[in-house]
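The sequence and structure are shown first.

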Amino acid sequence: MIEDETPRLSRLKPNLERRALIEQYIRDFFTGQGFLEVETPVRQPVVAPELNIVPLQSEGWFLSTSPELHMKRLLAAGYEKIFQFSRCFRKGERGRLHNPEFTMLEWYRTGADYHQMLHDTEALVLTLAKRLKMGTTICYQGRRIDLTPPWPALSVRQAYLDAAGWDPAACYDAARFDDDMVTRVIPAFSPHRPTIFSDFPREAASLARIKPDDPAVAERAEVFIAGLELANAYSELTDSAEQRRRFRDESAQIEREQGRRAALPERFIASLARLPACGGIALGVDRLVMLFSDTDTIDDVLAFTVDTV
Amino acid sequence: MNIEEVHKGSKLLIDGTPYNVDIADFVKPGKGRAIYRLKLRNLLDGSNLERTYHSGEKADEVSISTQECQYLYKEDDRYIFMNSDTFEQFFIPESLLGNKVSFLKEGTVVTVMMMGDRPLDVNIPNFVELKVLESAVATRSDTVTAQMKDAVLETGHTIGVPVFIKEGDIIKIDTRTGSYVERVNVKK
């Protein structure tokens with residue numbers, strides 16, 4: 001049964017107030033360190049080709065699935081530290097942790113790698129907990145989570161060997177990788193500490209660079225807290241030929257398997273020639289608010305979801 | 001139907017058996033493929049099943065017809081209904097009706113979902129009016145403190161009602177929540 005609107009919105013008010021505070025504190029955190037807040041287009045002619053992210057169409061263009069490409073174009077033009085809150089849209093993504101329209105926080109630093117972005121994330125989450133007067137240990141869904149850095153790091157390889165009995169970096173199987181991640185690997189993460197899940201198989205590198213001393217994996221890491229997939233960090237790929245090849249393969253697979261055309265973002269690819277070494281990360285703001293509001297559904301941190309809009 | 005369209009309450013045919021989707025859980029790693037975890041309830045025997053689907057997969061929807069029927073009477077644990085169009089009579093076991101029997105009075109018109117000639121589920125009206133058979137007279141302290149007391153309905157079910165309700169009153173009940181709505185004035 002669908003809850004009536006007025007009692008629902010009254011019930012959500014403390015969470016929405018907390019959400020506003022969190023967004024304000026995030027801005028303080030970044031501007032205090034000299035980051036520039038930027039805004040990039042929500043509606044765009046082409047999005048990054050991704051097999052498992054389907055964009056919503058808008059008059060022949062697309063609604064943004066992520067601000068990543070435009071933010072990197074700013075870095076390529078000489079911007080050094082930027083952050084953005086952006087509305088992203090992903091078709092069909094609806095569940096306890098998903099709404100097809102959601103808020104992503106992305107930030108980038110030139111001269112940095114994924115480790116630096118993860119340090120930023122530790123500092124950001126800890127700062128928020130402190131400013132929300134929750135201290136360094138928070139309570140989420142009846143469990144205490146110690147946020148004290150450094151957060152334990154677990155390689156993707158080791159996590160799969162332990163929880164699923166195979167090494168995805170040695171012989172990658174995309175379908176098995178995704179299924180095992182949600183059914184075996186994530187459930188095995190410590191419930192009392194954040195987890196840095198790092199060094200994804202090169203086949204799942206996405207827009208991250210390959211690790212120089214271990215070419216089977218990419219410098220990509222995700223942050224999980226209490227089973228929530230919170231953030232995804234890269235040492236950004238700056239090689240335009242390699243990026244073009246990855247996008248072309250992904251685009252071909254999308255067309256072959258889903259019959260969907262995914263053009264290549266040419267301006268972005270061209271800008272990579274000027275992109276300096278940099279790190280970037282995308283963090284799901286709705287889930288961060290869930291964590292600090294101790295709620296187990298994204299519906300409780302959004303005034304209106306796709307079902308109540 | 002596409003798995004993306006399946007939601008809580010969808011009725012699926014799996015290996016020839018009809019199931020109700022009790023929980024449809026969407027899980028997806030950010031860059032990974034979506035997984036749909038369904039918790040299903042067998043509509044024939046009430047047993048549970050869990051199934052996992054992926055984007056692009058299909059699920060068979062049960063072809064269901066609905067019929068307006070009138071509840072006639074109860075015989076052991078069988079509830080006898082009559083099809084309002086054909087006047088044909090058939091029974092539905094108590095196990096299929098669950099707690100809906102609490103609000104089922106002889107003569108009530110309901111909607112029965114059928115797979116072929118097999119009843120699968122019964123939708124009772126959202127609001128029903130039932131007579132109060134027994135209810136304790138409110139004591140003085142009741143009127144000061146508690147706002148509710150128990151009342152036994154003509155179906156034998158007990159619910160909480162305000163203290164001013166008396167035996168013989170007809171009250172309106174929301175069957176979705178099982179709660180008292182209001183006293184109905186009976187014209188006689």
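Which side chain meets that of Lys28(B) in a salt bridge? The partner is Glu93(A), at 3.4 Å from N to O; a salt bridge is a side-chain nitrogen of Lys or Arg within 4 Å of a carboxyl oxygen of Asp or Glu.

## Basis of the model

This is a predicted model, in which local features need pLDDT of at least 70 and side-chain atom pairs count only at pLDDT 80 or more, while totals for chains, interfaces and linings use all residues. Residues are numbered from 1 along each chain as its sequence is written, chains are lettered from A and ligands numbered from 1 in the order in which they are written, and side-chain values use heavy atoms, with hydrogens and water left out.

## Interface of chains A and B

Contact (heavy atoms within 4.5 Å) involves 21 residues of chain A and 13 residues of chain B. The two chains bury about 1500 Å² between them, 54% of it on carbon and sulfur atoms; this area is the accessible area (1.4 Å probe) lost on putting the two parts together, summed over both.

Three salt bridges are found across the interface, together with 10 residue pairs in polar contact, both residues at pLDDT 80 or more. A polar contact is a pair of N or O atoms within 3.5 Å; within protein, one must be able to donate a hydrogen and the other to accept it, and residues adjacent in sequence count only if both atoms are side-chain atoms. On the side of chain A that touches chain B, the elements giving two or more residues are α5 (174–185) and β12 (228–235). The largest share, six residues, comes from α5(A). Helices (H or I, at least four residues) and strands (E, at least two) are DSSP runs, numbered from the N terminus.

## Salt bridges

The count over all chains comes to 36 salt bridges. Arg94(A) and Asp299(A) form one of them, at 2.8 Å from N to O. This pair links distant parts of the chain, 205 residues apart: Arg94(A) lies in the loop between β5 (81–89) and β6 (101–110), and Asp299(A) in the segment after α8 (285–293). Asp299(A) counts as partly exposed at 27% relative accessibility, where buried means under 20% relative accessible area, exposed over 50% and partly exposed in between (1.4 Å probe, protein chains only).

Glu222(A) and Arg220(A) also form a salt bridge, their closest N and O atoms being 3.1 Å apart. Glu222(A) is buried at 2%, and Arg220(A) is buried at 4%.

## Helix α2

Why does helix α2 (residues 68–76) of chain A count as largely enclosed by the rest of the structure? Seven of its nine residues are buried, among them Glu68(A), His70(A) and Lys72(A). The cover over the buried residues of α2(A) includes β5, β6, β12 and β13 (278–284) of chain A.

## Aromatic pairs

Rings of Phe, Tyr and Trp (its six-membered ring) pair if their centres lie within 6.5 Å; planes under 30 degrees apart count as stacked, over 60 as edge-to-face and the rest as tilted. The count comes to 19 aromatic pairs over all chains. Phe83(A) and Phe85(A) form an edge-to-face pair, with centres 6.4 Å apart and planes at 75°, and both residues are buried.

The rings of Phe197(A) and Phe224(A) are likewise edge-to-face, with centres 5.9 Å apart and planes at 80°. Phe197(A) lies in strand β10 and Phe224(A) in strand β11 (residues 217–225), so the pair ties together parts that are 27 residues apart in sequence.
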